[in-house]
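Colleague: I am new to reading protein models. Could you walk me through one?

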Amino acid sequence: MQRRALLGSLLAAPALLPCRAAQAQAQAQTQAPAALTVFAAASLQDALKAQDAAWRAAGGAPLRLSFASSSVLARQIGQGARADLFASADEPWMDYLQQRGLIRPETRAPVLGNTLVLVAPADQPAPVAPAGIAARLGAGGRLAVGDPAHVPAGRYAEQALAQLGLWDALRPRLARAENVRAALLLVERGEAPLGIVYGTDAAASDRVAVVGRFPAGSHPPITYPFALTREAAPGAGALLAFLKGPQAAPGWRRAGFSLPE
């Protein structure tokens, strides 16, 4: 009987090993923080990737970053796309989600500010006054902008040009891009002699030169509201607090963004 009992225990022992390994793996997966999904305006691409590294170094959960025009991202959320945090390049597209009950309005805050500049290829750095844009474009050149119909940077560009009395003349000459980074790329490649982008986009590229700056009074203030979505995971609040807080501030400033006073 003793021999049979010993044999039975030996046969049962190997079966325990996979079970314990599975339990340990399940426990490790339970302890690992779930990834958070961030939908962010294209102009935040470089700065937010740097913030992602700082956030993870501080022990934050992994991030899934999705960049596009604010309008595209807001509509995706409106159609059911899963995100924890939305970072818009203007207030109207955050309004779009708030009016539909798709963000937590108590978490909404203006986190960043930006400027609007005129850029040219880096090998053509001569300054251009607003009244000289058409002449610089030449006979067939086009002005690269985010499409004013839905891209925040394009809306600001339209407002600035209208305030300066240039919109009607330049509207037929626009090269309308799907987002501000696509507009920047047209100038980088020399496919457009001039473009209107954010100051931070120009600072992120060594292939363009800033040849003009639009006065702040020529367009509404450029603000970036951030908010948690209605379906945000519990850990998303800590991420938003980090992006709004003192740990993230130096990184935003290095990228050229301004911070609320």
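Colleague: Where does Thr115 lie?

Modeller: This is a predicted model, so keep that in mind throughout. Thr115 sits in the loop between β4 (109–114) and β5 (116–121).

Colleague: Is Thr115 buried, exposed or partly exposed?

Modeller: Start from the cut-offs: buried means under 20% relative accessible area, and exposed means over 50%. Thr115 has a relative accessible area of 42%, so it is partly exposed.

Colleague: Which residues is Thr115 in contact with, beyond its neighbours in sequence?

Modeller: Leave aside neighbours within four places in sequence, and Thr115 is in contact with Val197, Tyr198, Gly199 and Ile222. Take Tyr198: Thr115 and Tyr198 are 83 residues apart in sequence. Their C-alpha atoms are 5.5 Å apart in space.

Colleague: What share of the contacts in the chain joins residues 24 or more positions apart?

Modeller: Count the contacts with a separation of 6 or more. Residues 24 or more positions apart account for 78% of them in the protein chain. The chain has eleven helices and ten strands. Of its 261 residues, 46% are buried.

Colleague: Let us turn to a helix. How do I check the span of α2?

Modeller: Helix α2 covers residues 45–57, which is 13 residues. At 1.5 Å a residue, α2 should span 18 Å. Its end C-alpha atoms are 19 Å apart, which agrees.

Colleague: Which residues of α2 are buried?

Modeller: First the general idea. An α-helix has 3.6 residues a turn, so residues three or four places apart point the same way. Now the case here. Ala47, Leu48, Gln51, Asp52 and Trp55 are buried in α2. They cover an arc of only 145° around the axis, which puts them on the same side of α2.

Colleague: What covers the buried residues of α2?

Modeller: The cover includes two strands, β1 (36–41) and β2 (63–68). It also includes two helices, α10 (236–244) and α11 (249–254).

Colleague: Where is Thr229, and is Thr229 buried or exposed?

Modeller: Thr229 is in the loop between β10 (222–228) and α10. Its relative accessibility is 3%, so Thr229 counts as buried. Not counting residues up to four places away in sequence, Thr229 touches Ile77, Ala83, Asp84, Leu85, Phe86, Leu102, Ile103 and Arg104.

Colleague: How does Gln98 read?

Modeller: Gln98 is in helix α4 (residues 91–99). With 32% relative accessibility, Gln98 counts as partly exposed. Leaving aside neighbours within four places in sequence, Gln98 is in contact with Ile103, Pro105 and Arg108. Gln98 and Arg230 are 132 residues apart in sequence, yet 9.5 Å apart in space, C-alpha to C-alpha.

Colleague: And which helix holds Ala134?

Modeller: Ala134 belongs to helix α5 (residues 133–137). At 37% relative accessibility, Ala134 counts as partly exposed. Ala134 touches Leu170 and Arg173, not counting residues up to four places away in sequence.

Colleague: How many cavities of 30 Å³ or more does the structure hold?

Modeller: The structure holds one. The largest cavity has a volume of about 60 Å³.

Colleague: What lines the largest cavity?

Modeller: Its lining has 13 residues. Ser69, Ala89, Val151, Pro152 and Val180 lie nearest its centre. Sort the lining by type, and you get nine nonpolar, four polar and no charged residues.

Note on methods. Residues are numbered from 1 along each chain as its sequence is written. This is a predicted model: local features need pLDDT of at least 70, side-chain atom pairs count only at pLDDT 80 or more; totals for chains, interfaces and linings use all residues. Side-chain values use heavy atoms; hydrogens and water are left out. Helices (H or I, at least four residues) and strands (E, at least two) are DSSP runs, numbered from the N terminus. The expected span of a helix is 1.5 Å times one less than its number of residues. Buried means under 20% relative accessible area, exposed over 50%, partly exposed in between (1.4 Å probe, protein chains only). The arc is that of the directions from the helix axis to the C-beta atoms. Contact means heavy atoms within 4.5 Å. On a 1 Å grid over the protein atoms alone, a cavity is a set of points where a 1.4 Å probe fits but cannot get out, and a pocket is an open set with protein on both sides within 12 Å along at least five of seven lines; lining residues have an atom within 4 Å of a point. Grid points are joined across faces, edges and corners, and a volume is the space filled by probe spheres set on the points. Ala, Val, Leu, Ile, Met, Phe, Trp, Tyr, Cys and Pro count as nonpolar, Asp, Glu, Lys and Arg as charged, and the others, Gly among them, as polar.
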